[in-house]
Amino acid sequence: MANRSRLVTSLSGIIALAFTPLVMLASPMAWGQTRSIDQQLAIPLDNRSDRKARNRADFFLEQSELAKQSGNLNDAIAYLSQAGEIYQQIGDFEGLGKTYNSLGQTYAKLGRYQDAERALRRGLGAARSQQSFQPQIYSINNIGILLLQTRNLKAAQEAFTEALTISRTIKDDDGEGLSLNNLGLVAAQGGNYPEAIKWYEAALVLRRRSRDKLGETNIRNNLGDAYLAARQEEDALYSYRIAQILAEKVDNVFNQIRAIKGIALTHIATGKNRQAVKALKEYLALAQEQNNRREELVALKLFAQLYQDTGNWLEARAFYEKAIAVAHALGDIQEETLLISDLAQIIYVTP
């Protein structure tokens, strides 16, 4: 029972990771593939002055991407604002839509959710002004993900349902699959795991039909999270293992980490501690290899909890101490305080 209670606590973390990132481009490529900026912006203009202005806007858009990649999000916002002004002046609604979507994504990363929603809705307005249905699908999904991140589940569900309806109307399998997946996220966040599983399984059919391995990897991890929360451990383990294999094939470390962590949690849930330790070692090694301190912290904490639950006080103490050091390095005062409290309990019972 101790393992189960700690697992329930850990699940809140892994299900939070099930959120798909805000898709930046209102196109089917947002499913997991990317195009170069040049390809995205290859739209002919009629006169030389417009082409010159367009080139400047494209330059600012490119610079915003470079700024985001280097972590300079405020610089990215400044570049995007300049690009948006130019696209607005020359009436380039496609460029404007891409700019607003990217701006919304950037604001969201900074936690500026009102600004993010405002930008995303402007991007949707640009798509609707052109009566472009595919961009609308992805813009609406963007807005829904933002609403989901701010725990507005009802509004998020309405957004994803609208996107699903448009997708089915124009027979856009990619948009339909994305919308189905996101409806699964809503159900999972609301604690309705059987409903989430139904949405994910429907999305999986479309992902596999399009042979989108990256998209399938994400769905498999989402399914694993929902199965595990629903206490269908055998199904969860199967789903996580496929996700791990697919993630390795497409070299997607994010989903590799998710899958291995899910495997470890599933073994903990079923009391298979030896297998859990093996999976946790693999999880910790991958997190450290990627210099992902946040995932390293989660792995160390799970190790400490597992050893504590099995009465291995010395190992538990060692892993709590390592976890405290990482939490301190991350500046996570709340987590550090909780870990120190857990360690104090270990020290109290240790001979």
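Student: Why is Thr-165 called partly exposed?

Tutor: Thr-165 has a relative accessible area of 47%. Buried would need under 20% and exposed over 50%, so a value between these limits is called partly exposed. Thr-165 is placed in helix 8, residues 153-169. These values come from a predicted model.

Student: How far apart are Thr-165 and Ser-179 in sequence and in space?

Tutor: In sequence they are 14 residues apart, and their C-alpha atoms are 9.1 Å apart in space.

Student: What does the secondary structure of the chain come to?

Tutor: The chain has 17 helices and 0 strands. Of its 351 residues, 52% count as buried. Among contacts with a separation of 6 or more, 59% join residues 24 or more positions apart.

Student: How do you know that the span of helix 16 agrees with its number of residues?

Tutor: Helix 16 covers residues 313-330, which is 18 residues, and at 1.5 Å a residue it should span 26 Å. The C-alpha atoms at its ends are 25 Å apart, so the two values agree.

Student: Which residues of helix 16 are buried?

Tutor: They are Ala-316, Phe-319, Tyr-320, Ala-323, Ile-324, Val-326 and Ala-327. Down the axis of helix 16, these buried residues fall within an arc of 170°, so they line one face of the helix. On the other side, Leu-314, His-328 and Ala-329 are exposed. Just after helix 16 comes Gly-331, with a positive phi of about 75°.

Student: What makes the pair of Phe-303 and Phe-319 stacked?

Tutor: By the ring rule there are 5 aromatic pairs. For Phe-303 and Phe-319, the ring centres are 4.5 Å apart and the planes are at 15°. Centres within 6.5 Å make a pair and planes under 30 degrees apart count as stacked, so this pair is called stacked. The pair links distant parts of the chain, with Phe-303 in helix 15 (residues 293-309) and Phe-319 in helix 16, 16 residues apart.

Student: Are Phe-303 and Phe-319 buried or exposed?

Tutor: Phe-303 has a relative accessible area of 2%, so it is buried. Phe-319 has 10% relative accessibility and therefore also counts as buried. The limit for buried is under 20%.

Student: What sits over the ring of Phe-319?

Tutor: The charged end of Lys-322 does, 4.9 Å from the ring centre. Elsewhere, ring pairs link Phe-59, Phe-60 and Tyr-79 into a cluster.

Student: How do you know that the buried residues of helix 6 line one face of the helix?

Tutor: The buried residues are Ala-116, Ala-119, Leu-120, Gly-123, Leu-124, Ala-126 and Ala-127. Down the axis of helix 6 they fall within an arc of 155°, so they line one face. They pack against helix 5 (93-109) and helix 7 (133-149).

Student: What span should helix 6 have, and how far apart are its end C-alpha atoms?

Tutor: Helix 6, residues 113-129, has 17 residues, which at 1.5 Å a residue should span 24 Å. Its end C-alpha atoms are 24 Å apart, so the value agrees. Gln-131 follows helix 6 and has a positive phi, near 55°.

Student: Where does pLDDT stay under 50?

Tutor: One stretch is residues 1-5, for which the model has 7 contacts beyond four places in sequence. Another is residues 7-45, with 96 such contacts. For the chain, the mean pLDDT is 85, and 85% of residues reach 70 or more.

Technical notes. Residues are numbered from 1 along each chain as its sequence is written. This is a predicted model: local features need pLDDT of at least 70, side-chain atom pairs count only at pLDDT 80 or more; totals for chains, interfaces and linings use all residues. Side-chain values use heavy atoms; hydrogens and water are left out. Helices (H or I, at least four residues) and strands (E, at least two) are DSSP runs, numbered from the N terminus. The expected span of a helix is 1.5 Å times one less than its number of residues. Buried means under 20% relative accessible area, exposed over 50%, partly exposed in between (1.4 Å probe, protein chains only). The arc is that of the directions from the helix axis to the C-beta atoms. Rings of Phe, Tyr and Trp (its six-membered ring) pair if their centres lie within 6.5 Å; planes under 30 degrees apart count as stacked, over 60 as edge-to-face and the rest as tilted. A charge sits over a ring if NZ of Lys or CZ of Arg is within 6 Å of the ring centre and within 35 degrees of the ring normal. pLDDT is the predictor's confidence in each residue, from 0 to 100. Contact means heavy atoms within 4.5 Å.
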